[in-house]
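Let's take a friendly walk through a protein chain. Have a look at the sequence and the model below, and then we will read them together.

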Amino acid sequence: MAVHYVVDAADVPEGGHAEVKVGGRSIGIYRIGGQFYALNNYCPHQGAPMCAGLVSGTTLPSEVYQYEYGRVGEIIRCPWHGWEFDIKTGKSLFSEKIWVKTYAVEVSGGKVGIVMEG
């Protein structure tokens, strides 16, 4: 496995993201709670650029006629069709069978690196 250092940690603000290219792949690096996460910039539904999607929260399980909103800043919504994914895991919020590819992230010397297989 190789680590590709692609961006300065200071260039990814809390709650924000940076889009980078690694090995021909477009990848979004997100900073949530001081931690970095990397997602493939490609929606599994129809290929929308995930980095163009809204980062927000989502409704949580709640009682009838009550709408609890939570996980603010942890959910990315596909810009084309609104499919929601957990930024930390890449898992969709609606099906266990659908996800966005994630990559391990390493931070060293103030640089954010993406761990790529092969």
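How much of the accessible surface of the chain belongs to carbon and sulfur atoms? The accessible surface comes to about 6,900 Å², and 50% of it belongs to those atoms; such areas come from the Shrake-Rupley method with a 1.4 Å probe, and for residues only the protein chains shown count as cover.

Before going on, note that this is a predicted model, in which local features need pLDDT of at least 70, side-chain atom pairs count only at pLDDT 80 or more, and totals for chains, interfaces and linings use all residues. Residues are numbered from 1 along each chain as its sequence is written, and side-chain values use heavy atoms, leaving out hydrogens and water.

The chain has 10 strands and 0 helices. Here strands (E, at least two residues) and helices (H or I, at least four) are DSSP runs, numbered from the N terminus.

Now for the charged side chains. The structure holds 5 salt bridges, each a side-chain nitrogen of Lys or Arg within 4 Å of a carboxyl oxygen of Asp or Glu. Among them are these:

| Salt bridge | Closest N and O atoms |
|---|---|
| Asp8 and Lys111 | 3.4 Å |
| Glu74 and Lys88 | 3.7 Å |

Glu74 sits in strand S6 and Lys88 in the loop between strands S7 and S8, 14 residues apart. Salt bridges with shared partners join Arg71, Glu74, Asp86 and Lys88 into one network.
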